[in-house]
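Here is a short briefing for a first look at this structure. Have the sequence and the 3D view open as you read.

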Amino acid sequence: MAERELKKKTASERPEEAVEDVPAASAKGEKLKAELDDLLDEIDEVLEDNAEEFVRNYVQKGGE
Amino acid sequence: MAIPKVCGIETEYGIHVVGGDPNPIAASSVLINAYLQEVVRQRTGWDFEDESPGNDARGAPGPDALPPQVETHLVNAVLTNGARYYVDHAHPEFSTPECADALECVRYDRAGEEILVRSMEAAAATVTDGRTLVVYKNNSDGKGNSYGTHENYLVDRSVPFDRVVAAVTPHFVTRQIFTGSGKVGAETATLDGHAVEFQLSQRAEFFEEPVGLETTLKRPIVNTRDEPHADSRRYRRLHVIVGDANLCEVATFLKVGTTSLVLAMLEDDALARRPLGLADPVRAMYEVSLDRSLGHPLALADGTTATALDVQWELFGAARKYADERGLACMGDEAVGEEVLRRWEHVLHALETEPASLARQLDWVAKLQLIEAYRDRHGCGWDDPRLAALDLQYHDLRPARSLFARLDTERLVTADEVARAVTEPPRRTRAWFRGQCLQRWPDAVVTANWDSLVFDVGTDPLRRVPMMDPLRGTAEHVDELLQASTSPADLLDRLSS
């Protein structure tokens with residue numbers, strides 16, 4: 001109950017122009033997919049050859 | 001009035017040796033020495049005179065307190081941009097100089113990355129035994145070993161430390177929704193036994209205490225190290241160990257900017273409209289990190305619940321009101337403060353409505369999108385080692401190998417600005433005086449640290465110039481003096497006259 005009250009209260013205080021800042025996803029969907037495809041082609045080329053060994057060999061000492 | 005939020009970031013980088021002796025301490029030394037010898041060709045050592053990492057902000061340290069050891073024998077240098085570059089335990093570490101605002105902090109954090117890249121190139125030219133040194137900007141090796149990215153903020157000493165703890169804990173736990181760098185799987189804990197596919201934060205699962213002095217064992221959400229590197233009667237330096245290393249500039253900007261604002265509001269008593277104390281902050285750290293839906297209700301101390309987004313909206317609301325009523329001079333630059341608020345609001349709104357739209361702004365979203373696309377293409381399960389490899393390689397700093405570098409993420413600083421920040425200090429803090437003295441008289445500055453410089457002007461004794469106020473020694477304060485001084489001895493005469 002308290003959670004819903006909080007949401008309502010904060011939502012009403014938000015200026016409306018914030019909504020316009022969020023890009024419309026549907027229009028961008030196709031372009032994004034094409035870009036990701038190109039990126040994945042590239043990643044297939046640069047990703048370390050033996051993933052299992054690469055991950056196993058990456059060992060660090062704790063720091064700080 | 002809140003004091004200006006001078007800030008900085010210390011990053012311990014992961015270092016991996018391909019082919020040959022894997023000793024990370026030796027490798028870190030080789031890496032940093034290569035940079036100092038081949039690139040900057042100048043070296044001023046760090047002065048350990050004022051190091052006291054064992055001092056506890058709560059007063060007497062607890063019975064279990066293990067203050068960190070100060071290592072003085074490893075390579076440790078001060079750069080002309082006012083930064084510190086050194087071997088810390090088994091990692092190369094870069095500490096930005098003191099920055100006057102969150103955007104400047106992004107610039108110097110990026111300069112740190114650039115310095116590590118140049119160090120790798122210099123090391124490649126000097127290491128002839130077949131070893132390759134590779135640097136990663138991340139916080140864990142995927143096997144339960146974590147290394148830190150620490151933020152520092154100037155805080156008014158008059159604020160009691162228990163109030164600092166109460167104010168920052170809800171923020172540190174919930175800011176993960178935009179500061180997290182993302183991680184495949186889990187290393188130390190599975191909440192209530194559920195298998196973890198992906199979590200928002202690299203660091204969250206390494207925190208075991210709400211408050212404490214340690215940084216390597218039983219890590220606390222709020223670190224109590226009381227080492228202000230400044231006049232301790234007036235200032236604290238809040239040492240924040242709970243953050244992830246970010247590659248997305250917007251994530252770094254928001255991490256530093258929102259935290260600066262929360263601290264300013266604390267100093268001006270402008271925070272609490274609703275008590276946001278968490279019932280169990282350590283558990284809440286995991287819960288937020290593990291909750292990709294961003295809808296998990298966190299138990300609050302007053303018996304109610306709130307999601308991480310609810311808490312962030314509450315803090316944002318208070319910050320918006322604070323800025324409207326009192327202005328944002330405390331943020332170092334009013335326009336930067338406004339930009340923090342604008343982006344904070346935008347990111348919270350987007351996280352609420354369509355998190356995937358933040359793939360150009362937040363690391364965990366960018367990484368998750370990449371991994372989901374890879375899973376789609378190759379049909380692999382979450383335990384496929386290629387996903388762990390992808391996660392790791394996201395943070396590889398080599399331009400030819402970095403997966404992050406292949407993403408078109410939003411930039412807040414230009415390549416030219418980063419290049420300048422590699423050698424030039426920030427103009428609006430004491431880092432200016434430190435960096436300028438190193439640039440002008442590298443042979444006369446024998447050692448330096450955050451709050452003093454030691455000069456050797458050829459006659460005994462060595463002379464220490466204290467810099468106990470991070471807000472003095474700026475370009476505005478000292479440029480005339482520096483221009484007029486014909487030598488280090490002349491500078492010291494003018495300073496003491």
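The points below cover the fold of chain B and then its interface with chain A.

This is a predicted model. Chain B is in contact with chain A through 62 of its own residues and 40 residues of chain A. About 4,500 Å² is buried between the two chains.

**Chain B as a whole**
- The secondary structure of chain B comes to 14 helices and 18 strands.
- Its C-alpha trace spans about 65 × 60 × 45 Å along the principal axes.
- A compact globule of 497 residues would have a radius of gyration near 23 Å, so the 22 Å of chain B agrees with that expectation.
- Of the 497 residues in chain B, 62% count as buried.
- Among contacts in chain B with a separation of 6 or more, 72% join residues 24 or more positions apart.

**Area between the chains**
- Carbon and sulfur atoms give 59% of the area buried between chain B and chain A.
- K143(B), R377(B) and R406(B) supply 13% of the area that chain B buries against chain A, more than any other three residues.

**Polar links and composition**
- There are 6 salt bridges between chain B and chain A.
- In a salt bridge, the side chain of R401(B) meets that of E48(A) at 3.9 Å, N to O.
- On the side of chain B that touches chain A, β2 (14–18), β15 (305–306), α7 (308–326), α8 (334–353), α9 (363–378) and α10 (385–394) each supply at least two residues.
- The residues of that side divide into 21 nonpolar, 22 polar and 19 charged.

Terms used. Residues numbered from 1 in each chain as written. Chains lettered and ligands numbered in written order. Predicted model: local features only at pLDDT ≥ 70, side-chain atom pairs only at ≥ 80, totals over all residues. Heavy atoms only, no water. Contact = heavy atoms within 4.5 Å. Buried area = accessible area lost by both parts, 1.4 Å probe. Salt bridge = Lys/Arg side-chain N within 4 Å of Asp/Glu carboxyl O. Helix = DSSP H or I, 4+ residues; strand = E, 2+ residues; numbered from the N terminus. Nonpolar A, V, L, I, M, F, W, Y, C, P; charged D, E, K, R; others polar. Rg over C-alpha atoms; globule rule 2.2 N^0.38 Å. Buried < 20%, exposed > 50% of the residue type's maximum accessible area, 1.4 Å probe, protein only.
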